[in-house]
Amino acid sequence: MVKFSKQFEGQLVPEWKEAFVDYWKLKKDLKKIHLLNNEKTESEKQTSSFSSKLVSYINKYTSLGPKQREHKVIQVHQKLAASASLGDTYETELLEQFSDTDAAIEFFACLDLQLNKVNQFFRTKEKEFLERGDSLKKQMEILIELKTALKQKRAKGPFQDSKEEDSISGTISCDEESVKDRTEQQQGLENSTDESDKNDMQCTECPTSGELEKSMRMKKEDGKFRSLSGRMINYQGKNLRIHIPMTNPTRTFSSITYLLWDDLVNQSSKKCGSDENKLHINKTKLHHAEKMIRGAFIELYKGLGYLKTYRHLNMLAFVKIMKKFDKVTNKQVLPIYIRVVESSYFNSSDKALKLADEVEELFIKHFAEDDRRKAMKYLKPTQRRESHSVTFFIGLFSGCFLALFVGYVIMAHITGMYRPESNTVYMETVYPVLSMFSLLILHFFLYGCNIFMWGKTRINYSFIFELSPTKELKYRDVFLICTTSMTAVVGVLFVHLSLVSKGYSSTQAQIIPGLLLLVFLLVLVCPFNIIYKSSRFRFLSVMRNIILSPLYKVVMLDFFMADQLCSQVPMLRNLEYVACYYITGSYKTQDYGYCMRTTYYRDLAYAVSFLPYYWRAMQCARRWFDEGHKSHLVNLGKYVSAMLAAGAKVAYEKEKSVGRLCLVVVISSAATLYQLYWDFVKDWGLLQFHSKNPWLRDELMLQKKFIYFFSMGLNLFLRLAWLQTVFNYTFGRVDYRVTGLCLAALEVVRRGQWNFYRLENEHLNNAGKFRAVKTVPLPFHEVDDQD
């Protein structure tokens, strides 16, 4: 039977852990009382008398005894709050002497503190969700009215400007609040509504309804309201705006185009003396608005479910701890205190439950066509069940891979392929394919290890990456993909090496590595629902976002993947070389030097070294544009320094002179210090001097602190891999390409450990702000006529 403490820890909401009952601290206090009771019982046994035993026996079996003790052991006082937002507090008074009264007083003081904390947190979250629910209901009403009006207008004909009350006009506005704020300040505008908080990079903050309904600053100018990016909708006497975030290139270009068009229209309208300029709402805009509202309903329902879990687990914790207290002290305290807990706010309020029912009904009616089963697929997605067959095939392919790998190593040793005097054609044409797959699959394997460790430490990586619980890859799935892929790669290369060693050097043998790469690419883009289609397409969409990073809104998964590419520069260069070798047909003549002799290829090869850092820098620029935080510009500087260091290395490779070597050392050293500072302080949140864990941080997910210091030392060591460029050290008779592969693998290992601590820090940031559900921006914003 699983202990309640483990069950409690396994079911609680990770981001709200600090708001739950501190069951473990209460158990420690109970253990202290239990030890003191044992000591006192042993001393009483030595000094006990017949009269004391008789008195205790009579008290125990007196008919009125239990009832009197039930009312006199403790008394819980309820203190009324000064304001409704604070809530009532509870304080327990001991009416009977305990074996150790001081320890009992300390226990109940802690218990009251936990009860007050739970009530206050529940009240705060309930208020937040109720405000979001009210805002969503208004959004839904506006959407229904606009869709109805749109259908009526479509029946009559195309939209036309009208002075009737049900005329519909609107505009798409950008979500770049920081840009609007700075522009308004430059224009000297002073009378504005309350400024809303900037959205988080994952859109996972939990703002109040005021932040949701005032997400863009409005201004009264020349007798009317306008924002930097658009005009309002005047509908049934209300001023409304449609707010569609610039999350993709189409919306970005349309919003920027609209900004320019809006200025032209406003200037012409002032000359013509018109009071209002209208743009018509079409079906596409309403479709975007409907998707945003649907997503907001799903997140609200998820938050209400978390609140229900919070209520249930905390109630169980109070019951369990009071049962243990009664058992330790032989007092009947449980009925008294639990009656207070049951009547407290977090257990008696049913507003959140009613709101959950309303949200469910609205979602079924408006987004699921009155199909409850269809609605529950969105509101309560079921977790994908893990199959034992996955574990079986992991073991099967692992054994196959090891057997083939041993055979490949033995054959390579016999033929001497990996020695400096080895077959140059093989090392220049086939080895890049092997090293490319090795680095890629090693990185993917470490990602599986990360998933396993994140799960063990209760880091909610699915929420951070915004992954669907029904489609996300589990660590077993990742390991299965790795073992299957490496078995296929090593098996094919083993066959190819066998053919080469026997003297086959024809075109058919040389095309085998190229066909292997082509098969993997075809599997990646395969449109059929096989081999984890949702994950493959999500990967492709993230890569698209990275390549077009200035045009796409950057989320956590995008820049996390871009950081992975920064550690895979050798793999990208190998991919480029292999593509050139096979696309140009050089494999037919085994002319592996053709691509190296071509000028544009050499320039492209150098450009590939810069691309990951450039993409990451552009993401930092986009995030600064979206959020206005200067820290993103500082982060951009880190990637610029990495590009300068890469450029210095390229220049040194072209001409190995002392001056260029000094330039490499200076720039690379500065870039390394920059990167180490950002790794430790910003990405990992460590090196906090005044922390309760010296040189680390206050909250740690791992119990053993030395692991953090070891990881920092290892990260420092692996960051200095560029020194190989300076010393150009070789390991005996090993080919220099093998040495390069080992160094590239070390960088992948460094990135693997970086991933764990990066998400640990992100999780602790979410937990510090109690962010358990993301906030979806709402499309319709009502503007008051008074400011």
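**Salt bridges within and between helices**

Aspartate 29 and lysine 25 lie 4 residues apart in helix H2 (residues 23–47), a separation of about one helical turn; helices (H or I, at least four residues) are DSSP runs numbered from the N terminus, as are strands (E, at least two). The model is predicted, with local features requiring pLDDT of at least 70 and side-chain atom pairs pLDDT 80 or more, while totals for chains, interfaces and linings use all residues. Residues are numbered from 1 along each chain as its sequence is written, and side-chain values use heavy atoms, without hydrogens and water.

Aspartate 29 and lysine 25 form a salt bridge, with their closest N and O atoms 3.7 Å apart (a side-chain nitrogen of Lys or Arg within 4 Å of a carboxyl oxygen of Asp or Glu). Aspartate 29 is buried at 8% relative accessible area, whereas lysine 25 is partly exposed at 37% (buried, under 20%; exposed, over 50%; partly exposed, in between; 1.4 Å probe, protein chains only). In the whole structure, 25 salt bridges are found.

Helix H9 holds another such pair, glutamate 299 and lysine 302, which are 3 residues apart and thus separated by about one helical turn. Their side chains meet at 3.6 Å, N to O. Glutamate 299 is buried, with 7% relative accessibility, and lysine 302 is partly exposed, with 31%.

A salt bridge also joins arginine 719 to aspartate 679, the closest N and O atoms being 2.8 Å apart. This pair connects distant parts of the chain, 40 residues apart: arginine 719 belongs to helix H28 (residues 706–719) and aspartate 679 to helix H27 (residues 658–683). Arginine 719 is buried at 14% relative accessible area, and aspartate 679 is buried at 1%. Through shared partners, salt bridges unite Asp679, Arg719, Glu747 and Arg750 in one network.
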